[in-house]
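Let's take a friendly walk through this model, starting with its aromatic rings and ending with its strands.

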Amino acid sequence: MTRAFSSVTYIILLIFISLYSINSKAQDFSFFKTTHTENFQPPKHEVRAVWLTTIGGLDWPHCYAQNSVSIKKQQQELINILNQLEKAGINTILLQTRIRGTVIYPSALEPWDGCLSGVPGKSPGYDALQFAIDECHKRGMEVHAWMVTIPVGKWNGLGVKQLRKKFPNLILKIGDEGYMTPEHSQTAHYMAEICEEVTRNYDIDGIHLDYIRYPETWNRPVRGHEGRKNITQIVEAIHKKVKAIKPWVKMSCSPIGKSDDLSRYPSRGWNAYSKVHQDAQGWLKNGLMDALFPMMYFQGNNFYPFAIDWIEQSYGRMVVPGLGIYFLSPKEKNWSLDVITREMQMSRQYGMGHAFFRSKFFTDDTKGLYQFTRHQFNHYPALIPPMTWQHSDKPMPPTSISLNEESGKNVMTWSGAKDKSNAPYLLYNVYSSKDYPVNTHDARNLIAVRRKENHIALPPKSNERYYAVTAIDRYGNESEAVQSVQVATKVHLTQMLACDGQYVELPLQDIPGDVKLVTIENMTGITIASKAIKGMRISVANLDNGIYNIRTLNKKGVSHRIGYFMIRRDGE
């Protein structure tokens with residue numbers, strides 16, 4: 001399967017790389033800064049991911065959880081990592097969940113990995129997967145359960161031993177390692193069970209399959225077509241189980257970085273399709289995968305033409321090149337920083353985003369990559385592209401929005417959004433601008449993403465800006481925006497207005513002379529009445545018992561909250 005590679009495409013690519021090289025050498029990455037912040041509008045939708053490895057505690061954890069104190073220490077370490085990643089604009093965490101026939105959550109199918117407690121098979125005293133999900137979601141990040149599939153570890157390791165006991169003919173020994181046999185139907189069934197368990201029990205955003213291929217050391221003869229059929233059957237079984245439970249959960253995998261030979265650029269014997277029997281582009285085409293994170297740990301002609309091949313065969317799905325940032329380390333290949341930053345820029349130009357392998361090399365700021373990404377490349381947040389091929393109906397937007405200053409803090413609340421999918425809840429994006437209406441197509445106006453709460457504390461001087469809120473469903477479909485035309489209004493919670501059940505007394509000293517109307521809101525922020533100001537009081541005789549806010553409204557539509565009142569009539 002040698003795929004033609006467009007000469008025109010490559011010529012354009014060479015020009016782009018050449019221009020970048022000239023500018024980067026002369027201006028020390030100022031080309032990136034100029035390109036990102038001045039000449040190009042930053043992308044509103046882009047996958048920005050890291051692989052967060054747990055095997056051996058490579059990325060996390062670096063201490064064992066054996067008592068209440070060490071549990072807190074281990075958890076705080078993850079919090080610190082996620083805080084760093086959030087500041088650098090990372091929006092997707094690929095968290096290693098199934099390691100080598102062992103897992104990081106309480107499973108009915110496989111034992112605990114020893115990376116958490118220090119003892120294989122022993123609980124660390126808390127659910128690490130649930131903790132990670134909660135912390136990622138607090139930061140508006142997606143978390144995908146990274147499941148290592150075919151390799152199951154050392155032959156005498158706990159994971160292999162239990163699998164050999166459970167399935168005597170399923171595990172094949174190669175050297176001192178154990179592998180699940182791809183051609184055995186039990187492999188597909190069992191891996192589907194594992195992924196089903198995670199999907200059913202946890203609010204994950206994705207299932208990410210790693211090593212879903214034949215090992216390069218496979219010592220049995222296998223024909224290409226039969227091999228690809230065997231691997232695809234495993235993918236199909238997992239896909240069926242996951243999507244039946246939660247269709248919004250993304251299916252992805254990390255194939256070998258070169259899909260196959262190209263007409264002008266051979267893969268040099270190491271590719272997904274022919275060598276290890278991964279038909280990853282076929283999985284996109286037939287809907288088995290929502291995204292690919294190909295392991296493109298190369299540079300130059302081993303990267304660029306193959307990256308373009310991936311996106312040209314993406315069938316409208318997500319392709320996110322995995323970048324081998326560990327090669328920046330002097331202990332590895334000691335790449336210069338511009339090898340990675342060029343690849344990041346090219347990936348963005350083609351709408352592909354980026355994924356870093358692995359997290360610690362990023363948060364350690366190897367060769368300055370973290371600082372570059374945080375302060376220049378990912379200067380603004382980005383949303384993850386929607387899965388419109390799975391579900392494309394947008395939610396209904398919020399119907400009300402209000403800004404108030406309460407207890408010294410500016411707070412915005414909203415309500416009324418409705419979902420059109422069968423997902424369990426909606427999320428919200430918040431935008432801000434000095435211009436009205438707020439442009440929600442511009443990523444530079446994003447100030448909060450994927451919030452589950454319907455309120456947000458705003459920064460100081462928020463009364464100098466306008467705000468907008470959109471609802472977003474679990475597939476990533478975003479509603480139209482509800483716009484705020486008001487500024488934050490100072491409110492004293494003690495300013496309860498006198499009400500006898502028939503009339504409310506107005507604080508005329510707080511009402512500007514040009515204001516002729518007041519509006520009444522219920523406690524969800526929905527306006528239920530408007531009244532003309534004709535004296536010191538207004539009638540509320542038609543309102544039910546309850547607590548209400550009262551606001552002024554001038555001719556420009558600017559509203560200020562002036563207090564609240566309570567109606568409590570006996571006998572109602």
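The structure holds 20 aromatic pairs, counting rings of Phe, Tyr and Trp (its six-membered ring) whose centres lie within 6.5 Å, with planes under 30 degrees apart called stacked, over 60 edge-to-face and the rest tilted. Take Y326 and F357: their ring centres are 5.7 Å apart and their planes stand at 85 degrees, so this pair is edge-to-face. Y326 sits in the loop between β12 (322-323) and α11 (337-349), and F357 in the loop between β13 (354-356) and α12 (359-363), so the pair ties together parts 31 residues apart in sequence. Helices (H or I, at least four residues) and strands (E, at least two) are DSSP runs, numbered from the N terminus.

This is a predicted model, where local features need pLDDT of at least 70, side-chain atom pairs count only at pLDDT 80 or more, and totals for chains, interfaces and linings use all residues. Residues are numbered from 1 along each chain as its sequence is written, and side-chain values use heavy atoms, leaving out hydrogens and water.

Back to Y326: at 15% relative accessibility, this residue counts as buried (under 20% relative accessible area, with exposed over 50% and partly exposed in between, using a 1.4 Å probe and protein chains only). Y326 and F357 also belong to one aromatic cluster with W51, F293, Y297, F327, W335 and F361.

Finally, look at the open sheet of ten strands, ordered β10-β12-β13-β1-β2-β3-β7-β8-β9-β11 with parallel pairing, where pairing takes at least two DSSP bridges between two strands. Its edge strands are β10 (295-296) and β11 (318-319), each pairing on one side only.
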